[in-house]
Amino acid sequence: MTRIWLDELGRHVGEEVEVGGWVFNFRSSGKIHFIQLRDGTARVQAVCAEDNVSDDVFARCDGLALESSVRVVGAVREDARAPGGVELVVKDLEILSAALEFPIQKKEHGVDFLLDRRHLWLRSPRQEAVLKVRSAVERAIADFFDGRGFVRVDAPILTPTSPEGTTTLFQTDYFGEPAFLSQSGQLYMEAAAAAFGKVYCAGPTFRAEKSKTRRHVMEFWMIEPEVAFLDHEGNISLAEDLVSAIVSGVLARRRAELDVLERDVAALERVKPPFPRVTYDEAHKLLAAKGYDFPWGGDLGGDEQTALAEEYDTPFFVEKFPVSAKAFYMKRCEDDARLTYSIDVFAPEGYGEIVGGSCREEDLDKLIENVAAHKLPPEPLEWYLDLRRYGAVPMAGFGLGLGRTVMWICGLKHIREAIPFPRMLNRFYP
RNA sequence: UCCUCAGUAGCUCAAUUGGCAGAGCAUCCGGCUGUUAACCGGAGGGUUGCAGGUUCGAGUCCUGCCUGAGGAGCCA
């Protein structure tokens, strides 16, 4: 007899099968036991009645500790009383490993308790749903770029410098020389785009920011496309197409999981290009009219983002940020040197920024000026400046935060649940 | 780094003006042949985060520290 996965059970009604799994709940009425099993593909109930099995098997089923691992042989039967409509009638059960008292119970727990047991918390239905959505997001991203002829190029994680200043870098030792964990793969993607035209990377990035908000972690995955000959308008199209493809991919494959998460699916079904656009100037005026008094030239704070998001019920763009708010490599607008060809995408419902990007400065002299103005050491950036010495072209791209995107799509209160093993301020166990 | 809040049984939380430290769940024992976070009966379970102080008396008030949470700045 071959072992099947629990999600295949419905195709074997009337047959005898073998399954393996973990006991996520156990109930008993004395002479009939209900063993609820999960194996990662589905959750199914096994029934063990005293009349139908040997005394030996019945005794083994009695009082199974939660999260014990078992192998079960039984007959598949349709029964309206079973959750899901299909159940397994136990013929034989082998306990592979009897679990100790499982610390995570069916009722509520605090955040601290759960995060200390993240390795076990992953087994809970909500966590399973979130991480399956995350997997679907990653697949949608890969499909999207693959379908458009992009080459995936992996950026290094150990780097000699950073594109965005050095104050928030994790430093380590590289055989006697300082090295930093990557904050972004973008500079490397520009080199790759000059080789392959359309590229993207997807990998972990690190920021040693002592941030404690629902949208920050120290280690997060970022998806960074970079395209040669792409202009500001093209960059906007690419971003809204990508975000829309991600959402429709999840809606196509993970409805059941969104249901578990009690996500308002109607809000996701509205996500279609084109997204509304507002310039930084317009946003600044709009916020001033609402009573937010922040200086022109600064970035949008959390309160400002929230106030702006109230205006839209879909993702939206803020474009053309001031030079003072953005990184050294961003290209200035031709009609206004105070502004850059930059874009941010904000998710609706208060989830904040999920994308940040720009056109890149392709002029060598202007780039050298910017490096100096940002007080960055030029030596480690020599290779990057080389890209302007050997066939510079207009180029644009952006970074999409994977965790924030998953958080928004799942409707989570905190980004930590969108990540299998989150690295947070003062917490990197387990 | 700054601001605010919290820490009591394994977990989630109560405890009136400073006056006997309690409940639900979990665990263990018993009951129940269709349970759906099963239910019913019983039992065990406490250095009230740590150190000091005020008081006849502190979970409760005061001081310091530790840990965590929410937020700000910064960002995806």
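1. Helices (H or I, at least four residues) and strands (E, at least two) are DSSP runs, numbered from the N terminus. By this count chain A has 13 helices and 16 strands. The model is predicted, so local features need pLDDT of at least 70 and side-chain atom pairs count only at pLDDT 80 or more, while totals for chains, interfaces and linings use all residues. Residues are numbered from 1 along each chain as its sequence is written, chains are lettered from A and ligands numbered from 1 in the order in which they are written, and side-chain values use heavy atoms, with hydrogens and water left out.

2. Overall form. Along the principal axes, the C-alpha atoms of chain A fill a box of roughly 85 × 55 × 40 Å. Of its 430 residues, 50% count as buried (under 20% relative accessible area; exposed is over 50%, and partly exposed lies in between; 1.4 Å probe, protein chains only).

3. Contacts. A contact means heavy atoms within 4.5 Å. Taking the contacts in chain A between residues at least 6 apart in sequence, 65% join residues at least 24 apart.

4. Empty space. Rolling a probe the size of a water molecule over the atoms shows where empty space is left. On a 1 Å grid over the protein atoms alone, a cavity is a set of points where a 1.4 Å probe fits but cannot get out; a pocket is an open set with protein on both sides within 12 Å along at least five of seven lines; lining residues have an atom within 4 Å of a point. Grid points are joined across faces, edges and corners, and a volume is the space filled by probe spheres set on the points.

5. The second largest pocket. This pocket holds about 610 Å³ of space. Its lining has 24 residues, and I104, Q105, W121, S124 and P125 lie nearest its centre. Two or more lining residues come from each of α2 (111–116) and α4 (125–147). The most, 3 residues, come from α4.

6. Cavities. The whole structure has 3 cavities of 30 Å³ or more, and the largest cavity has about 90 Å³ of space. Among the residues that line the largest cavity are E190, A194, R360, L387, R388 and M395. The elements giving two or more residues to this lining are α5 (186–196) and α12.

7. Where is D386? It sits in helix α12 (residues 382–389). D386 counts as partly exposed because its relative accessibility is 30%. D386 and A191 are 195 residues apart in sequence, yet their C-alpha atoms are 9.3 Å apart in space.
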